[in-house]
Amino acid sequence: MWRCALVLLASIAAAQEVSVPPLLCGGVEPFWTLTLDEGRGTYATPETPDAVLYNIPLITQAEGRPWPRAVTLIGRGDTAIALINERQCMDTKSDALQPYEATLLTQRGTDAIILTGCCRIKPDN
């Protein structure tokens, strides 16, 4: 019994260590942005006048690999999952290489949507 408890505690501790750096993510056609920082996320598009604010209750690492990571986003009446991969990504808006690629699974009303783009490290404010 103690052995099971220790394995469970080790699993919980390992899961808590998984993170992503503070990131600025976004894509074009359609245009969207997602900021991930300090357990919170902010999603915005030109079509939505108010940004969607999320809490990040869980970040999951790929099994047996360091990347990608799935960032679970929970907001008031809205949820999303951001898949972040440590892979160079060409930002088509600026033609600059970014260190991470992003896939955002969310919804517009009742329609499920998938958005793709790139992320860069969020500068210190």
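**Strand pairing, side-chain contacts and backbone geometry**

Pro 30 is placed in the loop between strand 1 (23-27) and strand 2, where strands are DSSP E runs of at least two residues, numbered from the N terminus. The model is a predicted one, in which local features need pLDDT of at least 70 and side-chain atom pairs count only at pLDDT 80 or more, while totals for chains, interfaces and linings use all residues. Residue numbers start from 1 along each chain as its sequence is written, and side-chain values use heavy atoms, with hydrogens and water left out.

Most residues other than glycine have a negative phi, and most peptide bonds are trans. The bond that joins Glu 29 and Pro 30 is cis, with omega at about 5 degrees. Glu 29 itself has a positive phi near 50 degrees and is exposed, since its relative accessible area is 79% (buried means under 20%, exposed over 50%, partly exposed in between, with a 1.4 Å probe and protein chains only). Glu 38, in the loop between strand 2 and strand 3 (40-44), likewise has a positive phi, of about 50 degrees, without being a glycine. Its relative accessible area of 75% makes Glu 38 exposed. A cis bond also runs from Trp 67 to Pro 68, with omega near 5 degrees, and Pro 68 lies in the loop between strand 4 and strand 5.

The structure holds 1 aromatic pair (ring centres of Phe, Tyr and Trp, the latter by its six-membered ring, within 6.5 Å; stacked if the planes are under 30 degrees apart, edge-to-face if over 60, tilted for the rest). Trp 67 and Tyr 100 make up this tilted pair, at 5.6 Å centre to centre and 50 degrees between the planes. The pair links distant parts of the chain, 33 residues apart, with Trp 67 in the loop between strand 4 (52-61) and strand 5 (69-75) and Tyr 100 in strand 9 (residues 100-108). Both Trp 67 and Tyr 100 are buried. Arg 69 lies over the face of Trp 67, at 4.1 Å from the ring centre (the criterion being NZ of Lys or CZ of Arg within 6 Å of the ring centre and within 35 degrees of the ring normal).

Arg 69 also belongs to the covered face of strand 5, together with Val 71, Leu 73 and Gly 75, whereas Ala 70, Thr 72 and Ile 74 form the uncovered face. Strand 5 runs antiparallel to strand 4, joined by 6 bridges (strands pair if DSSP finds at least two bridges between them). Ala 70 is the bridge partner of Thr 60. Strand 5 also pairs with strand 6 in the antiparallel sense, over 7 bridges, and Leu 73 has Ala 80 as its bridge partner there. These two strands form a hairpin with 2 residues between them, and Gly 77 in the turn has a positive phi of about 75 degrees.

Finally, there are 2 salt bridges (a side-chain nitrogen of Lys or Arg within 4 Å of a carboxyl oxygen of Asp or Glu). In one, the side chains of Lys 122 and Asp 37 meet at 2.8 Å, N to O. Because Lys 122 lies in the segment after strand 10 (111-121) and Asp 37 in strand 2 (residues 32-37), the pair ties together parts that are 85 residues apart in sequence. Arg 87 and Glu 101 also meet through their side chains in a salt bridge, at 2.6 Å, N to O.

How values were computed:
Helices (H or I, at least four residues) and strands (E, at least two) are DSSP runs, numbered from the N terminus.
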